[in-house]
Amino acid sequence: MDDRRVDLAAAHATPELLAIRDRLLVALAFSSGVFEAICFLSFGKVFTAFQTGNLVFLGLGVAGTRPPAGPDPVRVVISLAAFAVGAAVATRILTAFNGDEEMEDSQIFEAWPRRVSIALCVATVAQVGFIVVWMAASPSSLVSNILVALNAFAMGLQMNAVRSLHVPGISTTAATATFISWISGITTWSLKPAAVRRLTGVLVGMVAGAFVGDWMLSHAHTYAPVLPVVVIALVVAVASVMLKQKPAR
């Protein structure tokens, strides 16, 4: 996605619908922050969404740095591979519904197409599996690898689902593009108020999610992954009810 593109849905969706969409994006960033904190703190130096960090960790692993100072290279590779599979599955879902094709502005009229919710539903199924394994299985290296794979797969799905919305500068699984868009826009005074709220909300949401994830691990460890899954399920439900649109004429 070209982060400099205009908000394609804005030409046809009402400000009210766009505001709802933006809140849902913040909610997804929050859930990603929760899951990322849970996985990073529970399974060692590995990310399930921020794959740039995993590529750096992979380099450290190749150099011979091992836990506790460095990452488990096998687990890092598992996360990278599972994320890639999730992104590929999302691409198939989105392509089936014409969601990953280049479109003219006049063709994009939905703030939240059904294909996005379908991809997120598949991601939610994987994360429900994460909860089941988290609660039922005894801790072990194998279990940790399975949990990392499940959430990385879900994060790959979410990344491509959100990408298909064509919202400038927004990623709910890694904040680098969002952060640079926020900094650039603030510096040049080029952002509209809605864009400032959206970018700021996604950044704050991810930080807040990481904080909550850390807190949940300390105070409600068994139920820590339940909260982000509930949030994603609510995002899909709200989008399905409140963001239905008819094609622009």
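**Exercise 1.** Leaving aside its neighbours within four places in sequence, which residues is Trp 182 in contact with?

*Solution.* A word on the ground rules: this is a predicted model, where local features need pLDDT of at least 70, side-chain atom pairs count only at pLDDT 80 or more, and totals for chains, interfaces and linings use all residues. Residues are numbered from 1 along each chain as its sequence is written, and side-chain values use heavy atoms, with hydrogens and water left out.

Step 1: look for contacts, meaning heavy atoms within 4.5 Å. With neighbours within four places in sequence set aside, Trp 182 touches Leu 191, Leu 199, Thr 200 and Leu 203.

Step 2: check one pair. Trp 182 and Leu 199 are 17 residues apart in sequence, yet 6.1 Å apart in space, C-alpha to C-alpha.

**Exercise 2.** Is Trp 182 buried, exposed or partly exposed?

*Solution.* Buried means under 20% relative accessible area, exposed over 50%, and partly exposed in between (1.4 Å probe, protein chains only). Trp 182 has a relative accessible area of 25%, so it is partly exposed.

**Exercise 3.** Describe how α4 packs on α5.

*Solution.* Step 1: take the axes, lines fitted to C-alpha atoms over the stretch in contact, with angles from 0 to 180 degrees between N-to-C directions. The axes of α4 and α5 come within 9 Å and cross at roughly 165 degrees.

Step 1: classify the angle. Over 145 degrees counts as roughly antiparallel, and α4 and α5 are therefore roughly antiparallel to each other.

Step 2: list the residues. Those of α4 in this contact include Leu 120, Phe 130 and Trp 134, and those of α5 include Leu 147, Phe 153 and Gln 158.

Step 3: sort by class. The contact of α4 with α5 has 18 nonpolar, 4 polar and no charged residues. Here Ala, Val, Leu, Ile, Met, Phe, Trp, Tyr, Cys and Pro count as nonpolar, Asp, Glu, Lys and Arg as charged, and the others, Gly among them, as polar.

Technical notes: Helix = DSSP H or I, 4+ residues; strand = E, 2+ residues; numbered from the N terminus. Parallel < 35°, antiparallel > 145°, perpendicular 65-115°, else oblique.
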